Amino acid sequence: MIKIAPSLLSADFVRLEKEINSIQKAGADILHLDVMDGHFVPNLTFGLPIIKQIKDITQIPVDVHLMVTNPNVYLETLGKWKIDYVSFHQEAEAHIHRQLKVLQKHGVKAGIALNPATPVETIFPVIAELDFVLIMSVNPGFGGQSFIPLVYDKIEKLRKLADQVNPELEIEVDGGVNNINAPKLISKGSDILVAGSFVFGSDDYKKQIEILKK
Ligand code: DX5
Ligand code: ZN
C-alpha cells in the first residue's frame with residue numbers, strides 16, 4: 001500500500017498547526033519536513049526547535065529530510081526525539097554507515113537521500129543496513145519544480161537489489177510528484193510519495209491524496 005507524505009514546505013507557514021491538522025484529517029500517512037540550511041541548497045527553511053514543536057502536535061509519523069551540509073550535528077537530537085523517519089544526503093556525508101547507526105540506535109528509521117545526478121549504485125554497499133532511500137526527482141531546494149523522469153530507472157534498479165538483500169527497504173520519491181507520474185512511480189516500486197505543491201496547492205487536500213493513492 002502506497003504511503004503519501006505531504007511536504008509542509010508548500011503549506012501556509014503562518015497557520016502551521018491548522019495545516020497539520022487538516023492534512024492529517026485528509027488522510028496523509030506521513031508528514032514530510034524539509035530542512036534546508038542555505039548552504040547545501042540555495043534556500044533556508046527551519047531547524048530543530050520547529051521540528052520539535054511540530055513533532056509534539058503531530059499524530060502521524062514525521063519524516064525529516066535534511067538538506068544540509070553537516071547532517072551529523074542533528075542526528076543524535078532527532079534520534080532522542082524519536083522522529084519516525086530521518087534522511088540525510090549521500091552528497092553531504094562522508095561517514096554514511098556511522099551516521100545511520102546513530103539514528104537506528106534510537107529506533108529511528110534511517111534513510112539516505114540521493115540527488116537526481118547521484119547514481120543509486122553509490123549506496124549499494126550499505127543497502128542491507130538502510131530502512132529507506134529517498135530518491136530526489138527534482139534538484140533539492142524548492143517546492144513546485146518539474147519532475148525529472150530519469151528517476152524511474154533508479155527506482156527500478158534499487159527495488160531489484162533491495163528485493164534480494166533487504167525486502168523491507170522503503171523507497172521514497174520526492175519532488176514534482178503528481179497525478180501523471182504517480183502510477184508509474186508506484187509500478188516501479190516506490191513505497192512513499194512525497195507531494196508538496198500537488199497537495200497543498202489545492203483547496204481539497206483529501207481529494208489530492210486520494211488521486212495519488214489511486
Ligand atoms: C524539495 C523538497 C521537497 C519539496 C517537494 O527540495 O525536498 O520535499 O517540498 O515539493 P513539490 O512536491 O512541490 O515538488
Ligand atoms: Zn523533501
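## Reading a zinc site and strand E2

Q: What do the angles among the six donor atoms say about the site of the zinc ion (ligand 2)?
A: The site is octahedral, with angles of 69 to 169° among those six donors. As a general idea, six octahedral donors have ideal angles of 90 or 180 degrees. The term is used here if opposite donors are over 155 degrees apart and all others lie between 65 and 115. One thing to keep in mind: this is a predicted model, where local features need pLDDT of at least 70 and side-chain atom pairs pLDDT 80 or more, while totals for chains, interfaces and linings use all residues. Residues count from 1 along each chain, chains are lettered from A and ligands numbered from 1 as written, and side-chain values use heavy atoms without hydrogens or water.

Q: Which residues coordinate the zinc ion (ligand 2)?
A: Donors are N, O and S atoms within 2.8 Å of the metal (3.2 Å for Na, K and Ca), and sites may look incomplete because water is not among the atoms. Here they come from His32 (NE2), Asp34 (OD), His65 (ND1) and Asp174 (OD), at 2.0 to 2.3 Å. Along the sequence, the spacing is H-x1-D-x30-H-x108-D.

Q: How far is a polar side-chain atom of Asp34 from an oxygen atom of ligand 1?
A: A polar contact is a pair of N or O atoms within 3.5 Å. For Asp34 the distance to a ligand 1 oxygen is 2.8 Å. His32 has a polar side-chain atom 3.3 Å from an oxygen of ligand 1, and a side-chain N or O atom of His65 is 3.3 Å from one.

Q: Are the residues on the faces of E2 buried or exposed?
A: In a regular strand, side chains alternate between the two faces of the sheet. Buried means under 20% relative accessible area, exposed over 50% and partly exposed in between, using a 1.4 Å probe and protein chains only. Strands are DSSP runs of at least two residues and helices of at least four, numbered from the N terminus. In E2, Leu31, Leu33 and Val35 on one side and His32, Asp34 and Met36 on the other are all buried. Six of the six residues of E2 (31-36) are buried, so this strand is largely enclosed by the rest of the structure.

Q: How many bridges join E2 to strand E3?
A: Strands pair if DSSP finds at least two bridges between them. E2 and E3 (residues 62-67) run parallel and share six, with Leu31 opposite Val62.

Methods: Four donors count as tetrahedral if all angles lie between 85 and 135 degrees; four count as square planar and six as octahedral if opposite donors are over 155 degrees apart and all others between 65 and 115; anything else is irregular. A polar contact is a pair of N or O atoms within 3.5 Å; within protein, one must be able to donate a hydrogen and the other to accept it, and residues adjacent in sequence count only if both atoms are side-chain atoms.
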